[in-house]
Amino acid sequence: MTLLRSLLFSLGLAFTMIAPLPAVAQVNIMAPFNVGGAMDGGVVKIGDGIAYADGPRKRLDVYTPQNPSGSAPVVMFIYGGAWRSGAREDYTFVGHALAAAGFVVVIPDYRVYPEVTYPGFLEDNAQALRWVEDNVARFGGDPQRVFLAGHSAGAYNAVMLSLDHSFQREYGVTIPIRAVAGISGPYNFYPFEYNEVRQTFGSAPNPEGTQPVNLVTSAAPPMLLVTGTHDPIVRMQNTEVMAERLRAQGIWVTERYYEGFGHMEPVMAMGQLLRFRMPVLQDVVEFFTRFGAFPSGAPRPNFTPEPPEGVTTAEADPLVDVIERLDDVLAPLAD
């Protein structure tokens, strides 16, 4: 059985198993993307399940280039899951993708609903960022070149950490955030329309203060905001309005709209298997490079604009079809 056929079988099986369980869909569906042959090479997982604070959900993984040349820029990637699911190991392919491009990559777990509601997950991510400040140099990373990235609820977390500095102050984070990349992120979803959001944010004493669009100031870092134009889970207007608020404050913001794509596809396209579908990884790396990731000149990773060797676009169609069906089982977060 070829790698593609094996992945298709695994992905189809996973989809069948999770179809009745929207809350965990995006966790289980990632497994085929983390098969060795489906990920970028030249990467070492140098840290596995490192504790950044007390608690079973407060663990992180670290990925580095296999042959680093000096101190490397750092990306802390925060996964999504509607603030109620997710696991760092499901995003191994993202760690490989960014590390192969020259970054030290940190992917933390964090507490989710119902264990915590807002702002518990933001506090955990701030603690993980403090770990980065204190420890990433031991793994070859430069704590003065730190970037945040995230998908969906993780994009919200990343953007909020960069805007509401109270979380950083609470945990003694002093390193600068050079830039942020938000992928398919909800930034403007009050009033809370959907049950998942009401359960997670409804007890916040100042609900308007939970919204990134309301916290933008001239001190915000540069941001790359990307989304699929047909995203039914987090509507495109979240990116549009957030970009407008940033621009009004004089903040550098770059928008990327991937025509015809939905919610899960942009993060999956960071992996080697589906990278030919849209240039998410290239857009992220080039944006971070613009803001100091590689001051001596960026490496030129292969962004594989074509399907992986031995895989034609027609052969990948069944895989793409299964991914597109995910939007039908995931619950909406933000209009």
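Predicted model: local features only at pLDDT ≥ 70, side-chain atom pairs only at ≥ 80, totals over all residues.

Which residues of H5 are buried? I went through the helix and got Ala153, Gly154, Ala155, Tyr156, Asn157, Ala158, Val159, Met160, Leu161, Ser162 and Leu163. That is 11 of the 11 residues in H5, which spans 153–163, so I noted the helix as mostly covered, counting a residue as buried under 20% relative accessible area.

Next, I checked the whole protein chain. I find 11 helices and eight strands. Of its 335 residues, 60% are buried. The accessible surface comes to about 12800 Å², and carbon and sulfur atoms hold 50% of that. I also looked at contacts between residues at least 6 apart in sequence: 78% of them join residues at least 24 apart.

Then the sheet. Eight strands make an open sheet with mixed pairing, and I read the order as S1-S2-S4-S3-S5-S6-S7-S8. S1 (43–51) and S8 (253–258) are at the edges with a single partner strand each, so one side of each has no neighbour in the sheet. From one strand to the next, I get an average twist of 20°.

I zoomed in on one pair. S3 (72–78) and S4 (104–108) run parallel and are joined by three bridges. Here methionine 76 sits opposite valine 106 of S4.

Last, the helices on the sheet. H3 (92–100) packs on it, touching S1, S2 (59–65), S3 and S4, and its direction is at about 35° to that of S2. H4 (120–135) lies across S1, S2, S3, S4, S5 (141–151) and S6 (177–183), and I have it running at about 165° to S3.

Conventions. Residues numbered from 1 in each chain as written. Heavy atoms only, no water. Pairing = 2+ DSSP bridges. Helix = DSSP H or I, 4+ residues; strand = E, 2+ residues; numbered from the N terminus. Axes fitted to C-alpha atoms, helices over the stretch in contact; angles between N-to-C directions. Contact = heavy atoms within 4.5 Å. Buried < 20%, exposed > 50% of the residue type's maximum accessible area, 1.4 Å probe, protein only. Areas by Shrake-Rupley, 256 points an atom, 1.4 Å probe, with all protein chains shown as cover.
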